[in-house]
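Here's a quick briefing to read with the model open beside you.

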Amino acid sequence: MKRLLLIMLVLLCTKIAVNAQDSSATQTIRGTIVDADSKSGIYGVNIKIVDSNPLKGTITDPDGNFRIENVPVGRVSLQLSFVGYESRIISNIIVNVGKEVVLELQMQEVAIDLDDIVVTPEIEEGVPANEMVLISGRSISMEELTRMATGFNDPAMITSNFAGVANAGDGGNDIIVRGNSPKYVQWRLEGMPMTTPNHFGDQGMINGTTGILNSNLLANSDFFTGAFSPEFGNVIGGIYDIKLRKGNNEKQEAIAGIGLLGTDLTLEGPLKKGYNGSYLINYRYSTADVLNQLGALDVEGNPKFQDAAVKFHLPTKKAGLFSVYALGGISSLGFDDVQPDDWNIPGSDEMIPNLQTEFDKKSFLLNTGVSHTYFFTDDNFIETGLSATFDGVKDDVFRNESDTERIHSLKSDLQKSAYRAQANYHHKLNAKNKIQAGVIYTLFDYKNQQIRQDFGENQATPVLDFNENMGNMRSYISWKHRFNQDVTLVAGVHNTNVFFNKKHTLEPRLALSWQMSQKSKLNFGYGNHSTMEGVNHYFAQIRDGNGNLTQPNLNLDLLKAHHLVLGYNYKINQNWDFTLEMYYQDLYDLPVENNVNSIFSTVNEDLDVTYVALVNEGKGTNTGIELTINRSFANGYYFMANTSVFESHYTALDGVERSTRFDSDYRINILGGREFSGLGKKKNQTIAINAKLFLQGGQKILPLLRTESGSLNVDPDNNKFWDYSKAYQNSLEDLYALTLSASFKWDKKRTTHELLVNLENITDNKGKLREYYDANEPGGVGYSTQFGLLPNLMYKIYF
């Protein structure tokens, strides 16, 4: 492994030295500027490149389009200004030789007469594209994805850089938002709910180790952490609203990349000459699988994957704008003798002595859809969409004891499909008022089969065996009112109906933003939210006292939460700002086991799903405070430090308030980076160095049975290992990891080349996450730990 890394590094650095070129290379910046509320193009916007000498700029045409040619490569900022609209500065636009810059920008109309105000442009970073979101939201740009020190260019992992977000630390890309389970995060693609975009998915098809999203494909996407606006439903944790960018509609372009994680190719261009439509296509294959087959690597479990994405942008003259998209992938892995510290597997008996366990996993997912936007006038339009999503996981676990036969201890085939139809109507009444309303119908189709034979049992038991449909409809209406230039209100209501068991909710939402001064802003948000539990619980088969299989959870209700958020932002100067947010989430109607002696609630579920009779009588709270100080990228560097201090509690039918599994008490992120441009004899080279340090408390655990003196007191013969009376009271230890990344970029006459190195957890710290019984370990206790040092090397060429 080390030899392979060294060879690749030497070869690529040699190529860098040979290919120095002239720094006079230029590129085109073009795009569209629209009204933030009506989405119609704005004619006559003045656009200039900040600090250009001589001044470079242009104005938009009647459709809001603009073009600036011969822009020198590097980083530039655009200033937008137009009478009657708030001026903006769009900073840190990366200009490469090998790829045109195509932007989609918005401007907000001023709410009062220009005579009463002075409009001063400010550098904006992280402002959500969704104009109805006033609090607990931010955008994530492609520039941030490539700049910040994150795990393997994975858009999911960048979220853990922000306050209020954590992950488990075990190498997975789960997103834990404000103490909520990762399964309560909603992923969206092109405005529609999607499957969780991960390879190697677990039984809940929620978490995985490798994301299928690629930063080469993404436009600015929004990420929300609480008190969601009225349009969002069936979610209580967080929302990641992914947008695919449009392909270049004027020229053919490509990005090719080869790295230790994956090798991929992105192609884009116009569909035909003279037509504004475009295509964007990406394909990626697991490099580790290729290297395994060649004998250059020996990755345990032989994980392999491939994924692909496509988007067609199809504008018409009279029928509106159409878009067709798809995103999918397949993956597999297998262990001949899996150990607890190798992989967490479902339905296993890995703590039983002298037991050998084999594990095979296969998973797939596909998200596809078509969207349509039609403008009735310049002030109102409708968005409609149809989508279909599919995902599935097959797990097979085999148990071998030294003196017994090989037993198929778990056979699991879980498949889920969803078909959706959606319509959203937008009407900008005037500069102060906008109304938005919509409806989405979803038909879920589930085919789930799971058979288990736990240790000591004589026969296998079917715990899941159903082929069912479930339908729900959600609708909403929201109103945005700007009292003046400083005070904005968004209010509305969301409705959910589950037709399967006739459950419904009516959820009020409210958000208020007050620009107290040029530097200070105060925000407030409230929302009532709900979500369905995993379908496996509704149709779980459980034996009653007479040994008969029953389905006691068919009438399970939605779980619900009140969100309250108060936020304050202070603009220290043009580049530095400080943000404080406090939140309180009151969770109720949580599904808990229908047993007064049980601690079980679905909010704590891990990989191995528990099948029990449930009632909606649990409750919980998530409370916290988040602080962020941020220095936007300027003058070649950026810096961000944030901390989250929080509590996450729940109460089951036993009446005892406990921490949830995800209550890690605190999280601290410190990250920054420096960019050195204009290097080399031709001043065409750029080096960037980034670093991130995180510290957080460990997740709460279910401890092993011990005596009062602390000695281990487990009973393997009777399968008794866990001390439920001390569930989730403590964690094992705090966690930390230092990640370093670096990139070297150089421009040739027609291409841009980039070498990227990412060293995840460079100190190889392996903090203890959970404990388990292992007779071969000292004291009989083994530990699953943080993922250690994980290097990734990637070479990209833009052409």
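Lys480 is buried, with a relative accessible area of 4%; buried here means under 20% relative accessible area, exposed means over 50%, and partly exposed is in between (1.4 Å probe, protein chains only). Lys480 makes a salt bridge with Asp37, with 2.7 Å between the closest N and O atoms; the term stands for a side-chain nitrogen of Lys or Arg within 4 Å of a carboxyl oxygen of Asp or Glu. Keep in mind that this is a predicted model, where local features need pLDDT of at least 70 and side-chain atom pairs count only at pLDDT 80 or more, while totals for chains, interfaces and linings use all residues. Residues are numbered from 1 along each chain as its sequence is written, and side-chain values use heavy atoms, with hydrogens and water left out.

**Salt bridges**

- Side chains of opposite charge can pair when their charged atoms come close.
- The structure holds 33 salt bridges.
- Strands are DSSP runs (E, at least two residues), numbered from the N terminus.
- Glu109 pairs with Lys428 in a salt bridge whose closest N and O atoms are 2.5 Å apart.
- That pair also links distant parts of the chain, 319 residues apart: Glu109 is in the loop between strand 7 and strand 8 (137–140), and Lys428 is in strand 24 (residues 407–428).
- Arg30 and Glu100 form another salt bridge, with the closest N and O atoms 3.0 Å apart.
- Arg30 lies in strand 1 (residues 26–35) and Glu100 in the loop between strand 6 (88–95) and strand 7 (101–107), so the pair ties together parts that are 70 residues apart in sequence.
- Both Arg30 and Glu100 are buried.
- Arg30 and Glu100 also belong to a network of salt bridges that links them with Arg67, Glu69 and Glu250.

**A buried charge without a partner**

- Asp774 is buried yet has no salt bridge, and the nearest side chain of opposite charge, Arg706, is 13 Å away. For this count, Lys and Arg are positive and Asp and Glu negative; His and the chain ends are not counted.
- You'll find Asp774 in the loop between strand 41 (768–773) and strand 42 (781–785).
- Leaving aside neighbours within four places in sequence, Asp774 is in contact (heavy atoms within 4.5 Å) with Gly780, Val781 and Gly782.

**Nonpolar surface patch**

- Which residues make the nonpolar surface patch of about 840 Å²? They are Phe483, Leu510, Leu512, Phe524, Leu564, Leu566, Met582, Tyr584, Ile625, Leu627 and Val645.
- Strand 28 (503–515), strand 32 (559–571), strand 33 (576–593) and strand 34 (614–634) each give two or more residues to the nonpolar patch.
- Patch members have over 30% relative accessible area and no salt bridge; like charges are joined within 9 Å, and nonpolar side chains (Val, Leu, Ile, Met, Phe, Trp, Tyr) within 5 Å. Accessible areas come from the Shrake-Rupley method with a 1.4 Å probe, and for residues only the protein chains shown count as cover.
- Phe483 lies in the loop between strand 26 and strand 27 (487–498) and counts as partly exposed at 43% relative accessibility.

**Backbone details**

- The peptide bond from Asn53 to Pro54 is cis, with omega near 5°; Pro54 lies in the loop between strand 2 and strand 3 (57–59).
- Asp51, found in the loop between strand 2 and strand 3, has a positive phi near 65° despite not being glycine. Asp51 is exposed, with a relative accessible area of 75%.
- Asn92 isn't a glycine either, but has a positive phi of about 60°. Asn92 is in strand 6 and counts as buried at 11% relative accessibility.

**Confidence**

- The mean pLDDT (the predictor's confidence in each residue, from 0 to 100) of the protein chain is 88, and 92% of its residues reach 70 or more.
- Over residues 1–23, pLDDT stays under 50, and the model has 36 contacts beyond four places in sequence for them.

Note on methods:
Helix = DSSP H or I, 4+ residues; strand = E, 2+ residues; numbered from the N terminus.
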